Amino acid sequence: ICAEGELGGLPYWLLKDERMVLRSTYPGYLVAVQRYFDMLLPRLSPYLYHRGGPIVAIQVENEFGNYAYNPTYLRVLRVLLDRHGIDCLLLTADGAHLDSLQSGAVDGALKTVTMRKNPQSVFNLLQQVQPDAPLMTTELWVGWFDGWGKESHMVRPADELVKLITPMLSMGVSINFYMFHGGTNFGFMNGALLQNRHYYPHVTSYDYDALLTESGARSDKYFAVRDAIQSFYPSVADDSAAVSETPTFAPEAVVVEAAARLLDNVDVLMVGDVVRAERPLLFESNELDTDYGFVLYRTLLDFPRGRSQLRLTKVRDRAQVFLDGELVGTVTRTWQRGEADIYITVPSATVLDILVENLGRINYGSDLHDRKGLFSPALIGRHHVIHGYEMYSLPLRAVDVARLDGEHASADSRYGTFDVAEAAARNRAVLAKVAP
């Protein structure tokens, strides 16, 4: 699973500090890093390789040279590692560019590259920057993540990958396949990427077209790569007889048995108290403190108005707009032409609901500080600012289905049940056979 996912693997609450500068020497950030290291590193230290454990190396930062130039920050991380007895091989991992490799370096750590193609030029450059050291790629991208709304799963053919690693093996390069095994980011931990100013949320599957599939099965790519490695290192064992494939069962239909409208169940779904303010607050505000999911912004339009345009000037990431419970439009972070043209008529006092969804915080780059919510008041007409909001935190971490009100199939939220008892029994039988 990619640590670059939701907010680059960092906790959302760091963004409560409006002055926060992530991945820097900003005091508030370094205090959080130190507290984390104080808890984590003493647990890792006994398991370093030279102490009889499985940890052969630790990476100081990840592609920091692609992100910024701050040698003081990297030295601070190195000091914290030393302070906790992390005296194994240290690595840095950066893109195959001269400025990236130089900006991401820290004394005492082996420079490695992250890459997708052109092994000859990549490792010529690495040798130029680091002439008397082993060659290594810490991320050889065997596939790619999937973006929400893409037409098909991202794949990288096995023969293409074999052609890539063959010269690397002949050069004696150490290879870490990214990913060797994909996985699943559960809940709302999918993350997102910003490319060419366009926002791409990821799906929660991180299959990545990896050598092992999301379910743990060996793919055709796995066998092709294994055979390629064996051609250079014949002593690599044939694992065919030692591995039992995980049993699977065919997908089955899930019957939708009940449904409920979110707007009819706000009191059941909300976490904490209703927050009231003149202006909309962000998810990460101290008052809302909402990590993932949704925030509902509710206000009363108590003045009659003819057909007028309703404008939301900045939304992160997706806002559904309702008048008295009826959907009148949707606005997303990267507007498409005509999408923001929402026109409403207010004959009398009307409830305006703006349901904002966090589709995933950006994982990398200059837009890393990716706060969520409605950034300014809604506008009606040319310049009429709407003040006064009730805000409801709806992270949807755990939903008590029994308390939901509604059974209509046309509603917003639907749920069903399915029985995996038979599949679970098959798995238990297999595990019983292979257990020592």
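Predicted model: local features only at pLDDT ≥ 70, side-chain atom pairs only at ≥ 80, totals over all residues.

The crossing of α6 and α7 is right-handed. Helix α6 covers residues 158-170, and its axis comes within 10 Å of that of α7, crossing at roughly 25 degrees. Angles under 35 degrees count as roughly parallel, and α6 and α7 are therefore roughly parallel to each other.

Now show the side chains where the two helices meet. On the α6 side, select Ala158, Leu161, Val162, Ile165, Thr166, Leu169 and Ser170. Their counterparts in α7 are Lys221, Ala224, Val225, Ala228, Ile229 and Phe232.

Next, select Arg156 and Glu160. Their side chains form a salt bridge, at 2.5 Å from N to O. Arg156 is buried, at 5% relative accessibility, whereas Glu160 is partly exposed, with a relative accessible area of 33%.

Then select Arg226 and Asp227, whose side chains also meet in a salt bridge (3.5 Å, N to O). Here Arg226 counts as buried at 13% relative accessibility, while Asp227 counts as partly exposed at 42%.

Move to Asp207, in the loop between β9 (205-206) and α7 (220-232). To see what surrounds Asp207, select His153, Gly182, Gly183, Thr213 and Glu214, its contacts once neighbours within four places in sequence are left aside.

Go on to Asp317 and Lys372, whose side chains meet in a salt bridge at 2.7 Å, N to O. This pair links distant parts of the chain, 55 residues apart: Asp317 lies in the loop between β14 (315-316) and β15 (318-323), and Lys372 in the loop between β18 (350-357) and β19 (373-374). Asp317 is buried, with a relative accessible area of 1%, and Lys372 counts as buried at 0%.

Finally, zoom out to the whole chain. The chain has nine helices and 23 strands, and the structure holds 20 salt bridges. Of the 436 residues, 44% are buried. Among contacts with a separation of 6 or more, 72% are between residues 24 or more positions apart.

Key. Residues numbered from 1 in each chain as written. Heavy atoms only, no water. Helix = DSSP H or I, 4+ residues; strand = E, 2+ residues; numbered from the N terminus. Contact = heavy atoms within 4.5 Å. Axes fitted to C-alpha atoms, helices over the stretch in contact; angles between N-to-C directions. Parallel < 35°, antiparallel > 145°, perpendicular 65-115°, else oblique. Left-handed = near helix turned anticlockwise from the far one by under 90°. Buried < 20%, exposed > 50% of the residue type's maximum accessible area, 1.4 Å probe, protein only. Salt bridge = Lys/Arg side-chain N within 4 Å of Asp/Glu carboxyl O.
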